[in-house]
Amino acid sequence: MAHIVIMGAGLGGMPAAYEMRDKLDSKHKVTVVSNTENFHFVPSNPWVGVRWRDRKQIEFPVRAYLERKGIEFISTGVKRVHPDKNQLELNDGKSIDYDYLVIATGPKLAFDEVEGLGPHGGHTYSVCHVDHAMKSHDEWESFCEKPGPIVVGAVQGASCFGPAYEYAFIMETDLRKRKIRTKVPMTFVTSEPYIGHLGLGGVGDSRGILESGMRDKGIKWICNAKVTKIEAGKMFVTEHDDMGVEKKKHELPFSYSMMLPAFKGVDAVFGIDGLVQARGFVVVDKHQRNPKYKNVFAVGVCVAIPPVEATPVPCGTPKTGYMIESMVTATVHNIHADLVGEPADKEATWNAVCLADFGESGVAFVAIPQIPPRNVNWFSEGKWVHLAKVAFEKYFIRKMKKGTSEPFYEGSIMKMLGIEKLK
């Protein structure tokens, strides 16, 4: 009997647990370890931030659903991974042994890398976690009663740009609905070299479509931006040219600001030689397997992926939802193969399918694979995206409660579209 432990109960960890339980013989034990009792649907956080959703609509306790599938659940959280001992040290002082470990923790949010950034002792909000989105949720009504300038975007080193665009357009939509848009100047600040870069070198006509959308909605922007400091009501931004040379300094006043931070690896793995790189992201090969510790795999945002290209101001590479799901499937198949004595040679496609809601419309893209060069490079917009994002939220939460990672019909439809998880 083997013991497979999955660290994290989020967008990577929950599907990994369900797929692992379905794929492996029942004699093998599957355990999920998380630092919380709850799953929350991260892509809905921008809606939470403007009170279009409440916490209870996108979050649910996972224990009963996992245990119903024969998956053990521990919500103590991991203090430290000891890969040389095949052991996890938990926050309560206990430890558990594993035969295989799947790290699916997501990132640590590096608010501390910019003075004054973040909701914890800083002056900006965040939609990276439901706890942060709820801080904005509680504040948004007060801001709307006394509106003023908004600064929104992503700081240097950030890798997840989509939520910044979503939140900018969702706020703009909400302000128009309240008939106070004229009282709120909006500025989008990003480390990207151009609008629509997305940390991916662009996808299709992402630059043209997003620039046009911002012009249409009266949102100004500053690219190649490095946020040097944030004070109460003021953001200090240095803009660079295409060669990375300082171009202009900005002092941007704001009454409300949401800035996405850079990411790092979580404390439980940070600094472990051979397991992670300098920023704490887990090093994996093309089979999602750590080269040094062969029984350790990783999926999702915690995985080390180099930037797709050099940029004047540092930009990371995002890990989107379907890309993460493909990592999960490859990992499950490779652990299964290892257990039955077959080659663990499955590779994730890292294909990307993304829906970004803009309040009344939205944008969607398909990138096959996500990292260029690509076979498919499609980007589009329309009101249908808003409806599709709402439907997908309900569908994904239902899947996680039902205990199914990918129903047959979902896989069949994706395959017909030429979008597959494994190479």
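Trainee: In this predicted model, is Phe365 buried or exposed?
Mentor: Buried means under 20% relative accessible area. Phe365 falls under that cut-off, so it counts as buried, with a relative accessible area of 7%.

Trainee: And is Phe379 buried or exposed?
Mentor: The cut-off for buried is again under 20%. Phe379 has a relative accessible area of 10%, so the residue is buried.

Trainee: At 3% relative accessibility, what does Phe143 count as?
Mentor: Buried residues have under 20% relative accessible area. With its 3%, Phe143 counts as buried.

Trainee: What class of aromatic pair do Phe365 and Phe379 form?
Mentor: Planes under 30 degrees apart count as stacked. The two rings lie 6.2 Å centre to centre, with 10° between the planes, and the pair of Phe365 and Phe379 is stacked.

Trainee: How many residues apart in sequence are the parts that this pair ties together?
Mentor: Phe365 belongs to strand β21 (residues 362-368), while Phe379 belongs to strand β22 (residues 376-381). The pair therefore ties together parts whose separation in sequence is 14 residues.

Trainee: How many aromatic pairs does a search of the whole structure find, and why is the pair of Trp140 and Phe143 tilted?
Mentor: The search of the whole structure gives 14 aromatic pairs. For Trp140 and Phe143, the ring centres are 5.2 Å apart and the planes are at 35°, so this pair is tilted. Planes under 30 degrees apart count as stacked, over 60 as edge-to-face and the rest as tilted.

Trainee: Which helix holds both Trp140 and Phe143?
Mentor: The two residues are three apart, about one turn of the helix. Trp140 is buried, with a relative accessible area of 0%. The helix that holds both Trp140 and Phe143 is α5 (residues 130-145).

Trainee: Over the ring of which residue does the charged end of Lys389 sit?
Mentor: A charge sits over a ring if, among other conditions, NZ of Lys is within 6 Å of the ring centre. The charged end of Lys389 is 5.5 Å from the centre of the ring of Trp47. In another case, Lys177 lies over the face of Trp52, at 4.8 Å from the ring centre. For Lys389, the residue is Trp47.

Trainee: In the open sheet of three strands, which are the edge strands?
Mentor: The order is β14-β15-β16, with antiparallel pairing. Each edge strand pairs on one side only, and these strands are β14 (225-231) and β16 (246-253).

Trainee: What is the bridge partner of Lys226 in β15?
Mentor: β14 pairs with β15 (residues 234-240) in the antiparallel sense over six bridges. In β15, Lys226 has as its bridge partner Thr238.

Key. Residues numbered from 1 in each chain as written. Predicted model: local features only at pLDDT ≥ 70, side-chain atom pairs only at ≥ 80, totals over all residues. Heavy atoms only, no water. Pairing = 2+ DSSP bridges. Helix = DSSP H or I, 4+ residues; strand = E, 2+ residues; numbered from the N terminus. Phe/Tyr/Trp six-rings, centres within 6.5 Å; stacked < 30°, edge-to-face > 60°. Buried < 20%, exposed > 50% of the residue type's maximum accessible area, 1.4 Å probe, protein only. Lys NZ or Arg CZ within 6 Å of the ring centre and 35° of its normal.
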